[in-house]
Amino acid sequence: MRTNIRFESVYPDRTAMSQLTLFDSRDTVLTDDERGRITYSPRLVGAATAERWFSELRSGVNWRAERRMMYDREVDVPRLTGHFLLEPPAENMPPAIVEAARLVTDRIVAPFNTVGLNLYRDGRDSVAPHNDHLDEIREGFPIALVSLGATRRMTIRAKAGSRRAIHVDLEAGSLFVMDYATQIHYTHAVPKTDEPVGERISLAFRVKRLTSNSASYRSAR
Ligand SMILES: O=C(O)CCC(=O)C(=O)O
């Protein structure tokens with residue numbers, strides 16, 4: 001397995017683009033400075049486990065099609081979503097999530113209390129550039145993304161300065177971790193693609209500020 005990571009500037013004439021090709025189970029630090037730390041681990045789990053989790057979640061989660069306001073009109077969210085509370089654990093929690101949460105917390109010391117799921121049905125599904133809402137996540141804790149199914153490219157772009165972009169292909173079984181500061185200084189996105197791609201599921205583990213009447217708490221139950 002080869003990991004494909006590309007660093008580029010939005011000013012291609014000013015900054016050379018470099019292509020890093022790394023091999024199996026090599027954890028990669030994509031950025032680590034005062035604007036935060038982002039790491040990519042291609043192998044949280046092997047292919048067989050990633051396939052088993054994908055099948056279980058694809059068929060076992062009650063996937064929801066959501067709508068949201070964009071300017072003055074309501075549009076479809078271009079992917080299906082699901083949410084589960086980890087703490088206290090949701091009654092209908094798929095075993096794959098329990099297993100994934102255990103492996104993620106073996107690697108990252110954080111009291112993850114929710115997992116948000118995204119199902120990208122094909123290359124038309126995407127998530128637009130955004131950062132996590134700072135009023136929803138607890139300060140100081142990272143966001144951990146586990147990828148299953150088809151490989152999709154994540155684009156991370158600095159909000160200021162060189163607006164440098166990092167592109168990383170998120171492979172099945174991988175773990176991608178962004179610390180809290182990166183949500184202030186970068187956006188992240190999974191852009192649409194014309195390439196023929198299969199379905200992908202991502203699991204986003206977060207430490208949310210939960211109260212029994214918060215939207216996050218209600219949507220995760
Ligand atoms: O699917 C992914 O890997 C990214 C998901 C994401 O950005 C989000 O849930 O906010």
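Eight strands, in the order 3-4-12-9-14-7-6-5, make up an open sheet whose pairing is antiparallel. At its edges lie strand 3 (28-33) and strand 5, each of which pairs on one side only. Averaged over the sheet and with direction ignored, neighbouring strands are turned by 25° against each other. The model described here is a predicted one.

Helix 1 (residues 47-60) touches strand 7, strand 9 (143-149) and strand 14, and its direction makes about 90° with that of strand 9. Helix 2 (residues 95-107) touches strand 6, strand 7, strand 9, strand 12 and strand 14, and its direction makes about 55° with that of strand 14.

Strand 3 is joined to strand 4 by 5 bridges, and the two run antiparallel; they form a hairpin with 2 residues between them. Within this pairing, aspartate 33 has glycine 36 of strand 4 as its bridge partner.

On to the next pair in the sheet order: strand 4 (residues 36-41) and strand 12 (residues 175-178) run antiparallel and are joined by 4 bridges. Isoleucine 38 has methionine 178 of strand 12 as its bridge partner, while serine 41 is bridged to leucine 175, also in strand 12.

## The nonpolar core

The largest nonpolar core has 44 residues, and those with the most contacts inside it are Ala100, Ala101, Val104, Val115, Ala144, Val146 and Leu203. For alanine 101, when neighbours within four places in sequence are left aside, the contacts are Leu86, Phe112, Val115 and Phe205.

## The ligand shell

Surrounding the ligand are Gly116, Asn118, Val127, Leu145, Met154, Leu170, His188, Val190, Ser202 and Ala204. Strand 7 (114-120), strand 13 (186-190) and strand 14 (200-206) are the elements that give two or more residues to this shell. Sorted by class, the shell has 6 nonpolar and 4 polar residues, with no charged residues.

Arginine 157 is found in strand 10 (residues 152-158). It counts as partly exposed because it has 17 C-beta neighbours inside 10 Å, a count that lies between the limits of 12 or fewer for exposed and 20 or more for buried. Leaving aside neighbours within four places in sequence, arginine 157 is in contact with Pro129, Arg163, Ala165, Tyr186 and Thr187. Its C-alpha atom is separated by 8.6 Å from that of histidine 185, 28 residues apart along the chain.

Lysine 208 is found in the loop between strand 14 and helix 4 (215-220). This lysine is buried because 22 other C-beta atoms lie within 10 Å. The C-alpha atoms of lysine 208 and glutamate 136 are separated by 5.6 Å, although these residues are 72 residues apart along the chain.

Technical notes:
Residues are numbered from 1 along each chain as its sequence is written. This is a predicted model: local features need pLDDT of at least 70, side-chain atom pairs count only at pLDDT 80 or more; totals for chains, interfaces and linings use all residues. A residue is near a molecule or strand if its C-beta atom, placed from the backbone, lies within 6 Å of it. Ala, Val, Leu, Ile, Met, Phe, Trp, Tyr, Cys and Pro count as nonpolar, Asp, Glu, Lys and Arg as charged, and the others, Gly among them, as polar. Two residues are in contact if their C-beta atoms, placed from the backbone, lie within 7 Å. Two strands pair if DSSP finds at least two bridges between them. Axes are lines fitted to C-alpha atoms, for helices over the stretch in contact, and angles run from 0 to 180 degrees between N-to-C directions. A nonpolar core is a set of buried Ala, Val, Leu, Ile, Met, Phe, Trp, Tyr and Cys residues joined through C-beta atoms within 7 Å.
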